Amino acid sequence: MSAPLLCVVGARPNFMKIAPIMAAWRARAPQRPALLLHTGQHYDESMKRQFFEQLQIPQPDIDLGVGSGSHAVQTAQIMLQFEPVLERVRPAAILVVGDVNSTVACALTAIKRGIPVVHVEAGLRSGDRSMPEEINRLITDQLSARLYLTERSAFDNLLREGIESSRCRFVGNVMIDTLHHHSRAALPLAQIPALAQPQRQVAVRGAGHGVVTLHRPANVDDPQVLRRLLETLNQIGRRLPLIFPLHPRTRAQIVQQRLESLLDGETLLPVEPLGYLEMLGLMRDARLVLTDSGGIQEETTALGVPCLTLRENTERPITLTEGTNTLVGRDPATILAQVEEILASGGKRGRAPELWDGHAAERIVDDLLAWLDRGDLPL
Ligand code: UD1
């Protein structure tokens, strides 16, 4: 029996990326073992269980259960617990996705044990080194033997950093595979029990709804910045009710800073983190989405829904040039002007970027199987 591929997930945005890869692997190489390891970086039920169920991800073979901590603590805990797993499982390679702490921690542990690293969603760069994810991307790509790219601009970033193009493959976007696969099962607002109260508010206003997500440290950790953003969202909510699934980090900051009164339940409607099918339906039917998430910039582009990104930069430039995304930063006047523009004109139309066609995972698995079969893999 050949040595297994060991696939790693840790945090919510990893789940939508691993699902189509594991499904394609099972379909194309049913005899070859692939194991799933969850680091436990995200552990709340709302951030984990419903994704495994809805996306039909197999239960993890290994769960490290590391939980929260400072970046150093979290990264170190994952490394400490991942190393003995590598010793026991002896995988042919590990596959990591995205840019979370689990991605870099497992990549670093594996290469130090002489195990090749495969990185899915490689080469994205915001150019902003104050973002923890940017550091995770830079390091993971340097450590990877095989790199799969979602957009062509990633090639330039990797070449500039001295990574050989022979290691890189442009394959499209696995997150969009998941979106295509589940689009028919996306839940309309009226069928989401968790949204009963917001639904009533939205129905009363009769103007449709918008969606907001916020969780980046740069937006939620500084009380002044968070207050100003919530005030701006409140103002937008008077024009268009905004449904706001709250990330645990954001909820904790709002409570700590005593900003709950800004989530009045009429203009800005807070709800618990939603499952994938609920979130997909909510975004699909929205008139606009305001976010600081990376994945949502891509998903709104695929859905053709206007997206305003509350950041100064993006590592996903194709969502700006071809998709429906616009960077608006944090200035209230700029954000409000862009919202008015979208409400008046419907916003950017956009088109599906190259190879965001629902088949990226199949391309990855085909290439990966051939690569693994070469034997004597480079590090
Ligand atoms: C992480 C990723 C980010 C990704 C995001 C999606 C890193 C550096 N960041 O950020 O790229 O966009 O996930 O959600 O890996 N918490 C809970 N329950 C959980 C998970 C987190 O309560 O299940 C709280 C904890 O207080 C924790 C805080 O949220 O300290 C932050 O969690 P963490 O996983 O460190 O980073 P995220 O902000 O979720």
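These legends describe close-up views of a predicted model. Local features are given where pLDDT is at least 70 and side-chain atom pairs at pLDDT 80 or more, whereas totals for chains, interfaces and linings use all residues. Residues are numbered from 1 along each chain as its sequence is written, and side-chain values use heavy atoms, with hydrogens and water left out.

View 1. Helix H7, residues 174-182, is mostly covered, with seven of its nine residues buried; buried means under 20% relative accessible area, exposed over 50%, and partly exposed in between, for a 1.4 Å probe and protein chains only. Helices (H or I, at least four residues) and strands (E, at least two) are DSSP runs, numbered from the N terminus. The buried residues are Val 174, Met 175, Ile 176, Asp 177, Thr 178, Leu 179 and His 182, and the elements they pack against include helix H1 (12-28), strand S5 (117-122) and helix H16 (360-373). At the start of H7, the backbone nitrogen of Met 175 has a side-chain oxygen of Asn 173 within 2.9 Å.

View 2. Thr 39 in the loop between strand S2 and helix H2. Thr 39 lies in the loop that runs between strand S2 (34-38) and H2, and it counts as buried because its relative accessibility is 0%. Its side chain is joined to that of Ser 102 by a polar contact of 2.8 Å; such a contact is a pair of N or O atoms within 3.5 Å, where within protein one must be able to donate a hydrogen and the other to accept it, and residues adjacent in sequence count only if both atoms are side-chain atoms. The phenylalanine rings. Rings of Phe, Tyr and Trp (its six-membered ring) pair if their centres lie within 6.5 Å, with planes under 30 degrees apart counted as stacked, over 60 as edge-to-face and the rest as tilted; by this rule there are two aromatic pairs. Phe 15 and Phe 51 form a tilted pair, 6.2 Å centre to centre with 45 degrees between the planes, which links helix H1 to helix H2 across 36 residues. Ring pairs link Phe 15, Phe 51 and Phe 52 into a cluster.

**View 3. The largest nonpolar core.** A nonpolar core is a set of buried Ala, Val, Leu, Ile, Met, Phe, Trp, Tyr and Cys residues joined through side-chain atoms within 4.5 Å. Of the 41 residues in the largest one, Ile 18, Leu 95 and Leu 368 touch the most other members.

Technical notes
Contact = heavy atoms within 4.5 Å.
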